[in-house]
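Q: Hi! Could you walk me through this structure? I'd like to start with charges and rings.

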Amino acid sequence: MKKIYVESLGCAKNQVDSEVLLSYAGEEGYVRVENPEEADVVVVNTCGFIESAKTESINTFFSLKERCPNAKMVMAGCLAQRYGHEMELEEADAIFGNHDLSLFPSVLKDIENDRREVTIPDYPDPDRERDDRAELLSFPRSAYLKISEGCNHCCSYCAIPIIRGSLRSRPFEKVVAEAERLIREGIYEINVIAQDLGAYGLDLYGRSRFTELMETLAHIEGDFVLRMLYIHPDTFPMDLIDLVAREEKILPYFDIPVQHADERILKAMRRSGSGDKYASLFAAIREKNSDAVIRTTLMLGFPGEDRAAFETLIAFIRKAQPDWMGSFTYSREEDTPAYSMRNKKEHDKAHKEALKWQKELEEVQSEITAKRLQRFVGKEYWALVEEKIEGEDLAIGRIYSEAPDVDGLTVIMGRDMKSGDKVRVGIRSVRGVDLEGVKID
């Protein structure tokens with residue numbers, strides 16, 4: 001029996017790739033193990049989006065190499081795709097990009113025969129792309145459904161078009177068929193993901209078909225919900241707001257990464273919005289969806305950002321009142337237009353200032369989140385149990401307002417719960433960013 005271990009780093013889209021790799025490995029006689037030290041082959045599916053992610057990927061690779069001296073090591077994913085031909089990594093038995101995952105069996109055969117290859121493939125024809133996964137890496141009854149790859153926005157700071165290429169939507173029928181299969185397999189929470197959900201279909205059909213796709217998915221029979229992750233605010237499909245309001249299976253959860261609110265900074269980022277436009281979008285969503293939960297992402301330290309621009313961002317947060325907010329500091333990525341906007345010395349100085357601003361921003365958001373969470377107290381919701389706490393009548397789960405891995409959680413008091421259970425919960429209180437509730441039998 002051949003054993004394989006996959007360490008998946010970065011975003012949920014990378015996780016889907018890891019699941020596909022495991023499916024191909026399974027067809028070659030490999031069995032997935034959870035302990036890397038048991039594996040014959042260790043795959044590190046890397047992230048190459050920003051500098052900190054690249055550093056984590058390299059450190060993880062060498063850490064696993066040290067722990068697993070007898071295993072064959074594969075450097076895969078975004079970092080491999082971006083730098084594979086330049087990378088001098090003798091410790092890797094194979095370097096494999098992420099555009100055509102169907103080539104993974106040949107990579108495995110090469111390393112089994114002690115042939116070291118660097119494989120950086122182009123994207124395959126859409127009809128050749130695999131859409132079934134024998135093994136999911138999410139919590140029980142939760143899965144990611146990737147509907148497109150790449151991005152056409154070309155923001156000046158972003159390396160994703162360099163790594164993943166331009167927009168490549170999956171055919172409408174294939175997406176629906178995969179959703180139907182996930183539902184048949186008992187998946188309750190389907191997290192629909194892409195670099196920009198709202199752009200879905202532009203390349204294949206000449207227009208966005210995202211709202212149409214969501215409506216079609218919502219009409220599939222079964223007990224499930226749909227969560228949308230990542231919609232670019234500058235191309236947000238406004239008809240989606242009414243659809244979510246009338247379709248119970250589509251969770252009123254909107255993940256809209258605005259990045260900034262100062263119009264001058266947004267223009268330098270090659271984004272067309274403004275704080276006022278984004279605040280108006282949030283208000284329009286809440287007007288039709290009183291239960292709407294809005295998550296956004298903000299960047300600090302972009303070239304040209306000064307205290308006045310930062311104050312504009314703070315004012316936006318206070319006005320728009322996002323339920324959840326993630327923040328990160330600008331990473332100076334080679335081959336992006338923003339790279340030449342300042343040199344390394346200027347960047348390092350600005351980065352130190354950005355870290356201070358980030359802390360200040362997060363303090364403001366913490367107060368907003370604490371206030372927004374209070375509205376759940378005293379109400380009942382369905383929750384998906386992620387983990388049972390051994391030895392206690394407690395479990396950790398999530399209600400509709402909590403996306404996997406990025407938001408708070410719900411602590412559920414009650415008996416007879418296990419991972420993957422869908423339970424009714426009465427919310428009793430807020431503790432930090434988490435909710436506390438009681439299982440309703």
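A: Happy to. A charge counts as sitting over a ring if NZ of Lys or CZ of Arg is within 6 Å of the ring centre and within 35 degrees of the ring normal. Keep in mind that this is a predicted model.

Q: How many aromatic pairs does the structure hold?
A: There are 11 aromatic pairs. One of them joins Phe-49 and Phe-328, a tilted pair with 6.5 Å centre to centre and 50 degrees between the planes.

Q: Where do Phe-49 and Phe-328 lie?
A: Phe-49 is in the loop between strand 3 (41–46) and helix 2 (51–67), while Phe-328 is in strand 14 (residues 324–329), so the pair ties together parts that are 279 residues apart in sequence.

Q: Buried or exposed, that Phe-328?
A: Phe-328 counts as buried, because its relative accessibility is 17% and the cut-off for buried is under 20%.

Q: What about Phe-96 and Phe-104?
A: Those two form a stacked pair, 5.8 Å centre to centre with 20 degrees between the planes. Both Phe-96 and Phe-104 are buried. There is also an aromatic cluster made up of Tyr-157, Phe-302 and Tyr-330.

Q: Switching to the core: which residues touch the most other members of the largest nonpolar core?
A: Ile-147, Phe-210, Met-214 and Met-228 do, in a core of 70 residues. Helix 12 (residues 307–320) gives the most to this core, with seven residues. A separate core has 27 residues, including Leu-229, Tyr-381, Ala-383 and Val-425.

Q: What is Met-228 in contact with, leaving aside neighbours within four places in sequence?
A: Its contacts include Phe-210 and Met-214. Val-192, Leu-197 and Tyr-253 are also among them. That Tyr-253 is the residue whose ring has the charged end of Arg-227 over it.

Q: Last topic, strands. Which ones make up the closed barrel?
A: Five strands, in the order 15-16-17-19-18, with mixed pairing. On average, neighbouring strands there are turned by 50 degrees against each other, direction ignored.

Q: How do strand 17 and strand 19 run, parallel or antiparallel?
A: Strand 17 (residues 410–413) and strand 19 (residues 434–439) run parallel, joined by four bridges. For Thr-410, the bridge partner in strand 19 is Leu-435.

Key
Residues numbered from 1 in each chain as written. Predicted model: local features only at pLDDT ≥ 70, side-chain atom pairs only at ≥ 80, totals over all residues. Heavy atoms only, no water. Phe/Tyr/Trp six-rings, centres within 6.5 Å; stacked < 30°, edge-to-face > 60°. Helix = DSSP H or I, 4+ residues; strand = E, 2+ residues; numbered from the N terminus. Buried < 20%, exposed > 50% of the residue type's maximum accessible area, 1.4 Å probe, protein only. Pairing = 2+ DSSP bridges. Axes fitted to C-alpha atoms, helices over the stretch in contact; angles between N-to-C directions. Core = buried A, V, L, I, M, F, W, Y, C linked by side-chain atoms within 4.5 Å. Contact = heavy atoms within 4.5 Å.
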